[in-house]
Amino acid sequence: MTDGPRVGAHRGMHRRGRGWIAFAWAALATGVLVGIGVLVLALLNGSYSFSGDDDATSSPSASASSSASSSSSSSPSASSSSAPTAAKPSEQGDTTVVVLNGTTTAGLAAKGTSALTTAGWTVTSSGNAGTTGTTSTIVYYQQDSQAAIARGVAAALGVTAVQQSAAFPNADVSVVLGSDYTG
């Protein structure tokens with residue numbers, strides 16, 4: 001008779017540590033599935049998109065201050081040979097307007113919202129921007145068809161900086177108030 005791992009119908013002792021291999025594979029599979037789930041939810045929520053545009057203006061995670069600083073070096077208004085026209089509040093239609101406070105000054109978004117409402121614009125929501133170091137007030141719009149409305153909103157606030165950007169996917173026109181805005 002030999003003393004090997006198998007003896008007749010009986011099996012020998014199991015090797016130690018064999019359960020850790022199955023646990024490691026299960027943990028790896030769980031991590032991969034969770035990562036894929038988070039990516040899918042982020043894509044469905046619109047908080048992340050794959051596009052070939054410039055990262056500073058197309059990434060939704062780009063902060064308002066990075067977008068504002070990149071706009072200071074480029075022309076903040078739409079390029080046109082003639083003077084661009086600004087829309088009136090009656091031309092707003094279903095275009096959503098959001099006012100964000102990009103500073104540490106409390107109540108600045110409420111002041112901006114009040115100024116726009118008094119001028120006849122409909123503001124969908126207001127709040128704080130993702131960063132608080134914004135120095136210049138900029139009105140962002142997403143599509144070319146919203147440029148005139150963005151210029152009208154900027155005129156109502158007494159600012160001239162208007163820029164097309166996809167950094168704010170939850171609104172058609174987003175106002176980021178900087179430290180230069182006095183209300």
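What is the mean pLDDT of the protein, and what share of its residues reach 70 or more? The mean is 75, and 70% of the residues reach 70 or more; pLDDT is the predictor's confidence in each residue, from 0 to 100. So keep in mind that this is a predicted model, in which local features need pLDDT of at least 70, side-chain atom pairs count only at pLDDT 80 or more, and totals for chains, interfaces and linings use all residues. Residues are numbered from 1 along each chain as its sequence is written, and side-chain values use heavy atoms, with hydrogens and water left out.

One stretch calls for some caution. Over residues 52–82 pLDDT stays under 50, and the model has 45 contacts beyond four places in sequence for them (a contact means heavy atoms within 4.5 Å).

Now for the overall layout. The protein has 5 helices and 7 strands, and along the sequence they follow the pattern β-β-α-α-α-β-α-β-β-α-β-β. Helices (H or I, at least four residues) and strands (E, at least two) are DSSP runs, numbered from the N terminus. Among contacts with a separation of 6 or more, 75% are between residues 24 or more positions apart. Of the 183 residues, 31% count as buried; buried means under 20% relative accessible area, exposed over 50%, and partly exposed in between (1.4 Å probe, protein chains only). The protein exposes about 11,400 Å², with carbon and sulfur atoms supplying 57% of that. These accessible areas come from the Shrake-Rupley method with a 1.4 Å probe, and for residues only the protein chains shown count as cover.

Let's start with helix α1, residues 18–45, where you'll find Leu 44. Leu 44 counts as exposed because its relative accessibility is 70%.

Next, move along to α4. Its buried residues are Leu 108, Ala 109, Gly 112, Thr 113 and Leu 116. Seen down the axis of α4, they fall within an arc of 135 degrees, so they line one face of the helix; the arc is that of the directions from the helix axis to the C-beta atoms. Here's the background: an α-helix has 3.6 residues a turn, so residues three or four places apart point the same way. On the face turned away from the buried side, α4 carries the exposed residues Ala 110 and Thr 118. The cover over the buried residues of α4 includes β3 (97–101), β4 (125–128), α5 (147–157) and β7 (173–177).

Take Thr 113 as an example from α4, which spans residues 108–118. Thr 113 is buried because its relative accessible area is 17%. Leaving aside residues up to four places away in sequence, Thr 113 touches Val 99, Val 123 and Ser 126.

After α4 comes Gly 120, with a positive phi near 105 degrees. Trp 121 sits in the loop between α4 and β4, and counts as buried because its relative accessibility is 3%. Beyond four places in sequence, Trp 121 has a list of partners that includes Pro 89, Leu 116, Ile 149, Val 153 and Ala 156. Trp 121 and Ala 156 are 35 residues apart in sequence, yet 8.7 Å apart in space, C-alpha to C-alpha.

That brings us to α5, which is mostly covered: 8 of its 11 residues are buried. Among them are Ile 149, Arg 151, Val 153 and Leu 157. Their cover includes β3, α4, β5 (138–141), β6 (162–164) and β7. Just after α5, Gly 158 takes a positive phi of about 80 degrees.

Finally, look at Ala 166 in the loop between β6 and β7. Ala 166 is partly exposed, because its relative accessible area is 34%.
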